[in-house]
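I hope they are handy while you have the viewer open.

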Amino acid sequence: MKIEERPKVEKLLTNPVKRNHQFDTVEVKVSPPWKDAVKQLRKNRFAVAGFIIIVFFVFLGLLAPLLTPYSYEEQNLANRLLAPSADHWFGTDDLGRDIFTRIAYGARISLQVGLFAVSGALVFGTILGIVAGYFGRWIDTIISRTFDMLLAFPSILLAIAVVAILGASLENALIAIAIINIPVFGRLVRSRVISLREEEYIMAAKAQGMKNGRILLHHILPNSMAPIIVQSTLGFGTAILDAAALGFLGLGAQPPMPEWGKMLADSRNFIQLAPWTLIAPGISIMLVVLGFNLIGDGLRDAIDPKMKS
Amino acid sequence: MKFKTAFVRVFILALVLVLAACGGGGEEGSSKEGSKSESKGDQVLVFARGGDSSSLDFASTSDGESSRVTKQIFESLLDFDKDSFNVVPGLAHDWDVSEDGLSYKFYLEEGVTFHDGTDFNAEAVKVNFERWSDPDHQYAFKEDGYAYPLYGTMFGGYKGDEDHVIKEINVVGDHEIEFVLTQPLGSFLQNMGMHYFAITSPKALEDFGAKINENPVGTGPFKFVSWSKDDSIVLEKNENYRKEGLPKLDKVVYKVVPDNAARLIALRSGEIDIMDDVNPDDAAGVEADNALNLYTRGENNVGFLGFNTAKEPLNNKLVRQAINHSIEREKIADALYAGYATPAVNPLPPGYMGYNDEVEGYKFDADKAKELLAEAGYPDGFEIDLWVMPVSRPYMPDPEKAAEIIQDNLSKIGVKVKIVREEWAPYLEKTSKGDQELYLLGWSGSNGDPDYFLSSLTHGESVGGENRTFYDNAELNELLDAAKLSVDQEERARLYKEAQEIISEDSPMVTLVHSKPLVATRSAVKNYQPHPSTSDSLVEVELE
C-alpha cells in the first residue's frame, strides 16, 4: 500500500507517465491476500468439514430454546436415566434432565469460553509480545522470562492453581484459561516482531521519522496477523478442552449450568448403567475441538506463505 | 504439531469413553485366575473401599476407614454381635456391674498373646486406658499431635476434667480389672464394645512410640504386614489367634479404589472380592448377577442438611422451618439411594432405643414454606451458600447430586443457592469452626447408643466439635445430660424421646435420610456379614 507514495517520487523522474502505466498493470494481477486464503481454504476438505461442525454447534447454541421444549435446569426425578427415545433424543441424566437440551445450552457455554478466553489471551499476549519484540532489551527480558515461567508449568496445572486462588466458577475458569494462553500468543508474536523489526520497510519508516506507535500499529501488527489468526483458531479448541477439564474437576462451571466437562464428571458413575449420559457430552467436546483444529490447520496452510507450494 | 497433539488427545478421550461403555460384560472370570494363580490354595481376600485409612492407631482418629482395618488387628474388652450393637464378650469373657452402677469388673481371657509375643493382661488394659485419658501419659504422644477425641466424648472428658467419669482403674489380678466411675454412665458397656477402645500391646507403644499409627500390634485374628499409602494395607493370618480354627483367610488386602463405578468393574473382573459403597443405581445390576452378592448394612446413620444457626438468616427459626418444609426427602431417597434409604424425621435412626415415632417432622409443602419465609421477613427469599462434602459417604453416596436437588428445591421458594466445595479435611475443620451457612453432612453410629447421635450432633457442649450447627438449647442440654447419666434404660428412652421433639421444633438441621449402605461381594465369599458400624469382622470369612 505504501507503494502509492511512490508516484510522488516518480513525478520527479523524466518519464513519469510511462512508469505509472507499467505500475497499474502490475496491480491488476495481484488479488488481495485474504481472497487468496479463502480460495485455498475452500479447496481444503478437512477445513470445510471443520467449518461445518463449528457452524452446526453455533446454531445449536443460538437456537437452543427453539430446538427443545425442556429447560436445562428443571429436574424431573421421576424421569431419571431414561434411554434415548423420541421424547429425549439423547436420553435423560440422573436428575431427570433432558441431555439434548443440556448439550444445546452447553454449546453456548463452551463456545463462549473459547471466544472470551482466546480474545483475552490474544489481546494481552499480542500487546506484550509486540512490546517485548519491538523494544527488546530489559523490557524483553522481563516479559520473556515471565512467559518462560508461565510456560514451565503444565498448562492445566497452572489453570487449576489460578482457579484455586480465585475460587471455582465459570468466569474464573475463563480467566485462568486466558492467562495460561497469554504466553503462547506472546511468544509467537514476539518472535514474529523480532524478524519484522529488521525488515527494510520498517527501517525506512524509522528513517522517515515515523513514531514507534504508528510503526507498531500500521506495520508490525498487520504483518503479524497471520500466525495470530492461526493460533487463535487452534487456541479455541484447546481452550474448550481446558474448560471441560476444569469443569470435570469441579473447578469450572457450577451446577446447574450444563457445561460439557461437568456433565461428564456428573455421569461417570453411570458408565455401565446409562452410557448415553457420557457419550453425548464426550462426543460434543470431541467434535467441537476437532472442528477448530481442522479449521486452524487449514488456515495455517492457507495463510502461511511458507507453506504455499 | 499442535494439530496432531490436540487431535490425539481428543481421539484418546473418545476411545476411553467407548471402551469404558463396552467394558460391562464379557470379562468375568478371565483375569481372576491370572491374578491369583501364584497363590493357589491360599485364601487371599481383597477388600476395596473408597479412601485410605488416615491412621492405624484407632483411638486417635474417628475415621471409619481406619477402624475398618484395625478391627481385624485389635480386639476390645467387649465386642458387638456380627450384625447389631448387642454387646457380647471380647477380650473379657465376663463382667460384673455393681448395684450403684459405679463399679465395673471385667474378667479377661487367659493365655492370649499380642502379635509381638507379649502377654495380654490387666496391666495392658490399664496402660491403654491411661494413655487415652491422661494427655501427659508417656504413651499419649501429645507433642506428636495425638489426641483421643472419642475417649473424651464417650467418657465425659479426660483426667482432671470435672465430668470425666472414670475415676480409677484397678488391676485386681493378672486377668481381672475394675473400672470405678465418679457417676453412673448409661452407655458404659456399649462404649466398651466400641472398637475405638481396643487394646494395643504396651511393648509396641514402648518400641514404636509416636510411630504406633503405622505399626499396629494387637491380639486380633490378623497381623499387620505392610501399608502403602493411598493404595493398600496388607494383613496376614495370626496363627496364634485365641479362637480355635479361626481366622479362615490367610491374607487380607485393603485396597483403595476411589471411584465407585471403577470399584464395581474391578469386582466384576475378579480383581477384588468385596467392595464397599456400591452406587445405589448399580444395586439392581449386582443383584441380578449370579457371580455377585449384594448386602445391605443396617440403617445406622443419618444424612442431613445442617444450618449454621449462628449466622443470619439461619438464626431465625422460621427460616429454618421454611427450608425444612421445602425439601423433597422422598424424592431424594428414591433418586439418590434407589430406595435403599428411609426419609428421616429424627436425627436418630429408627430401631434405636428411644426413637420417637410420634414426631411428625416437616412434610414437603412449598406453600407453607413460602408463608413461613414471608413471616420471617424474607418474602422474596435470599441468597445463601451451601457447602458440599467432596467425598462419598455411607449416609450420602453422591453429595454433589444431593446438593443439586436441594438447590432446585430451594429455588422454588426463592432461595438462591450457591454451591461451595472444599477438600474433605478442611471441610470438617472449617464447618466445626462455623465458616459455612448451609452444609451437608451426616453421622454414623458406632456403639448403638442414642447418646452417640443426639449429644454429638445437638448438645451445646459439642459446639466447636461435632455440633456444627452451633445450636445450643439449655433445655435440650439438660435432657441429654440426664439421659446420659441414667442407667435406667426406660427412663433414658423417655428422655431421648422428649429431646427429639425439641430438636424437631427448633429444626437445627433438615434430616434427609437414613441410608442402608450397600456392599457387594463375589459369590465365592462366604460367611461375610456387614456390620452397621461399617467395621466388619472378617474373622469367619472364607473363600470357596
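1. A word on the model itself. This is a predicted model, so please read every distance and angle below as computed from predicted coordinates.

2. Domains of chain B. The chain splits into domain 1, made of 11–256 + 519–543, and domain 2, covering 301–515. Their C-alpha centres are 30 Å apart. Where the two meet, domain 1 of chain B supplies 18 residues and domain 2 of chain B supplies 17 residues. On the domain 1 side, helix α6 of chain B (residues 188–193) has the largest share, with 3 residues. By class, that side of domain 1 holds 5 nonpolar and 13 polar residues, and no charged ones.

3. Is Asn447(B) buried or exposed? It has 22 C-beta neighbours inside 10 Å, and therefore counts as buried. Setting aside residues within four places in sequence, its contacts are Phe85(B), Ser187(B), Gln190(B), Asn191(B), Gly193(B), Met194(B) and Tyr452(B). Ser533(B) is 86 residues away from Asn447(B) along the chain, yet their C-alpha atoms are separated by 7.6 Å.

4. The four-stranded sheet. In chain B, 4 strands make an open sheet in the order β4-β5-β7-β6, with antiparallel pairing. Its edge strands are β4 (92–97) and β6 (166–173) of chain B, each of which pairs on one side only. From one strand to the next, the twist averages 20°. Helix α4 of chain B (residues 122–133) packs on this sheet and touches β5, β6 and β7 (176–181) of chain B; the direction of the helix makes about 165° with that of β6(B).

5. β4(B) pairs with β5 of chain B (residues 103–108) in the antiparallel sense, over 5 bridges.

6. The six-stranded sheet. Chain B also has an open sheet of 6 strands, ordered β14-β18-β13-β17-β15-β16, and here the pairing is mixed. Why is one side of β14 (341–343) and of β16 (416–421) of chain B left without a neighbour in the sheet? Both strands stand at the edges and have a single partner strand each, so one side of each lacks a neighbour. The average twist from one strand to the next is 25°.

7. Strands β15 (residues 383–388) and β17 (residues 438–444) of chain B pair in the parallel sense over 2 bridges. Leu386(B) stands opposite Leu438(B) in β17(B). Helix α11 of chain B (residues 329–337) packs on the sheet, where it touches β14 and β18 (509–515) of chain B, and its direction makes about 40° with that of β18(B).

8. The largest nonpolar core. This core has 207 residues, and those that touch the most other members are Ile177(A), Ile240(A) and Leu440(B). Helix α6 of chain A (residues 99–135) gives the most to the core, with 17 residues. Domain 1 and domain 2 of chain B both contribute residues, so the core lies between them. Which residues does Ile177(A) contact, leaving aside its neighbours within four places in sequence? They are Val113(A), Ala117(A), Ala159(A), Ala239(A), Asp242(A) and Ala243(A).

9. One residue of helix α6 of chain A. Ile103(A) is found in this helix. With 25 C-beta neighbours inside 10 Å, Ile103(A) counts as buried. Beyond residues up to four places away in sequence, it touches Phe90(A), Ala280(A), Pro281(A) and Ser284(A).

Methods: Residues numbered from 1 in each chain as written. Chains lettered and ligands numbered in written order. Predicted model: local features only at pLDDT ≥ 70, side-chain atom pairs only at ≥ 80, totals over all residues. Pairing = 2+ DSSP bridges. Axes fitted to C-alpha atoms, helices over the stretch in contact; angles between N-to-C directions. Contact = placed C-beta atoms within 7 Å. Core = buried A, V, L, I, M, F, W, Y, C linked by C-beta atoms within 7 Å. Buried ≥ 20, exposed ≤ 12 C-beta atoms within 10 Å, placed from the backbone. Domains from an automatic or database assignment. Nonpolar A, V, L, I, M, F, W, Y, C, P; charged D, E, K, R; others polar.
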